[in-house]
Amino acid sequence: MHKLELGSDGRSATLTGTVTANDTAAMFGPDFPAAASTPFVLGLAEVACHSAVASRLKAGEITVGMRALIEHLLPSRVGTELSATARLVRRTRNRLYFHIEVSDGAEVVARVKHVRAVVDGARLQARIDAK
């Protein structure tokens, strides 16, 4: 279960989730640790970013990830509660630039710089369906 807190500024959000066995790198194979995988950490960050601006989108618009630079600094075992706090730092036309910190309540476990694009959701789905 995830918990979402929206910032009062309409430019930030914090998404909190608990690491499960399915969220670990070990799910990719026996050579990997039973700690939160980088894709899981990035997923929390991406959803926090979208949530930070969702109320400001026009009807039919969604955001999609375009680029991410992630520093996954510390491991997080199963049962750890991670919080991804996203802050919109710049907007250029349909591009949204975010800085995100992911923490376990005591330490920062990851830092992410992320770019999302605002797109028409129906048009994107039509492109997906046509493939």
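## Sheet architecture

Six strands, in the order β1-β2-β4-β5-β6-β3, make up an open sheet with antiparallel pairing. Two strands count as paired if DSSP finds at least two bridges between them, and the strands (E, at least two residues) and helices (H or I, at least four) are DSSP runs numbered from the N terminus. Because β1 and β3 (61-72) stand at the edges with a single partner strand each, one side of each is left without a neighbour in the sheet. The twist averages 20° from one strand to the next; axes are lines fitted to C-alpha atoms, for helices over the stretch in contact, and angles run from 0 to 180 degrees between N-to-C directions.

Strand β1 (residues 3-6) runs antiparallel to β2 and is joined to it by 4 bridges. Within this pairing, Leu6 has Ala13 in β2 as its bridge partner. The two strands form a hairpin with 5 residues between them, and Gly10 in the turn has a positive phi of about 70°.

## Basis of the model

This is a predicted model, in which local features need pLDDT of at least 70 and side-chain atom pairs count only at pLDDT 80 or more, whereas totals for chains, interfaces and linings use all residues. Residues are numbered from 1 along each chain as its sequence is written, and side-chain values use heavy atoms, with hydrogens and water left out.

## Helix placement

Helix α1 lies across β1, β2, β3, β4, β5 and β6 and runs at about 140° to β3; contact here means heavy atoms within 4.5 Å. Helix α2 (residues 121-130) lies across β3 and β6, at about 90° to β6.

## Nonpolar core

The largest nonpolar core has 26 residues, of which Leu82, Phe98, Ile100 and Val102 touch the most other members. At least two residues of this core come from each of β2 (12-18), α1 (38-53), β4 (81-92), β5 (95-103) and β6 (108-120). The most are given by α1, with 9 residues. Such a core is a set of buried Ala, Val, Leu, Ile, Met, Phe, Trp, Tyr and Cys residues joined through side-chain atoms within 4.5 Å. Buried means under 20% relative accessible area, exposed over 50%, and partly exposed in between (1.4 Å probe, protein chains only). In soluble globular proteins, nonpolar side chains tend to be buried together.

## Salt bridges

A search of the whole structure finds 3 salt bridges, each defined by a side-chain nitrogen of Lys or Arg within 4 Å of a carboxyl oxygen of Asp or Glu. Glu46 forms one with Arg116, their closest N and O atoms being 2.8 Å apart. Glu46 lies in helix α1 and Arg116 in strand β6, so the pair ties together parts that are 70 residues apart in sequence. Arg116 is buried, at 6% relative accessible area, while Glu46 is partly exposed at 25%.

Arg111 and Glu101 also meet through their side chains in a salt bridge (3.5 Å, N to O). This pair links strand β6, which holds Arg111, to strand β5, which holds Glu101, the two residues being 10 apart. Arg111 is partly exposed, with a relative accessible area of 38%, and Glu101 is partly exposed at 38%. Another salt bridge joins the side chains of Glu5 and Lys3 (3.2 Å, N to O). Glu5 is partly exposed at 43% relative accessible area, and Lys3 is partly exposed at 48%.
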